[in-house]
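Me: I would be grateful for a close look at a single part of the structure shown below. Please set out the answer as one connected account.

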Amino acid sequence: MAMSFLSDGAVAQRRRATTHATVCGNPKIACKTVATFQANDLPFQVPKNAMIVDTVPFYAVILQSRPVRNDSCDVFIPERDRLAAQALFPDHKVFSSRCTDPENLFYTDVSSRNVRYFSETHRIMAVYAGATLADANRTLSAVKATGKFPGANLRRMRTGFNGT
């Protein structure tokens, strides 16, 4: 199954997701999904024949963020940086966003009433922090304890794709 991002004309479809999938946040446990995800993606359980999918809300700790203009595909956080962060948090998936090409996932910040589409304005690297605020705060504390990510901050998010 190819991952797709929504074109400008598909914003309404993004709001009518047909499936709210469960995130596979521990890279040590196989994700039960029919989709194939890239190494930098946060995988989730995609059922057979699903076309428009977003996840249930989850928490993530943003480790790095880079602003982008005009959705430049030349701006992204290098895979070697993601892998180095993944080594620090072996039980929590470290993921990073790419440009809004059809094969890439979208990432949204649902922390406030005004949903922000990270994928359109920023490239992020984050670590999955769980489904509850208590789990998220424990993960944030672990991130801060490394001293490697001074601007680390917590966000409530969703990810997904439009396979239509």
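In which loop does Ile29 lie?

Reply: Ile29 lies in the loop between β1 (19–21) and β2. Strands are DSSP runs of E with at least two residues, helices are runs of H or I with at least four, and both are numbered from the N terminus. The model is predicted, so local features need pLDDT of at least 70 and side-chain atom pairs count only at pLDDT 80 or more, while totals for chains, interfaces and linings use all residues. Residues are numbered from 1 along each chain as its sequence is written, and side-chain values use heavy atoms, with hydrogens and water left out.

With a relative accessible area of 56%, Ile29 is exposed; the term stands for over 50%, whereas buried means under 20% and partly exposed lies in between (1.4 Å probe, protein chains only). Asp91 is 62 residues away from Ile29 in sequence, yet their C-alpha atoms are 8.9 Å apart in space.

Cys24 is joined to Cys31, with 2.0 Å from S to S. A disulfide is here a pair of cysteine sulfur atoms within 2.5 Å, and by this rule the count comes to one. The torsion about the S-S bond of Cys24 and Cys31 is about 55°, so this disulfide is right-handed.

Strands pair if DSSP finds at least two bridges between them. The bridge partner of Ile52 in β8 is Asn162. β8 also runs antiparallel to β3, with five bridges, and there Ile62 stands opposite Asn153. Four bridges join β8 to β5 (residues 106–109), again antiparallel, and Tyr107 stands opposite Thr159.

In α2 (residues 79–88), Arg82, Ala85 and Gln86 are buried. Seen down the helix axis, the buried residues of α2 fall within an arc of 105°, so they line one face; the arc is that of the directions from the axis to the C-beta atoms. These buried residues pack against β3 (58–67), β4 (94–96) and β7 (122–130), contact meaning heavy atoms within 4.5 Å. On the other side of α2, Arg80 and Ala87 are exposed.
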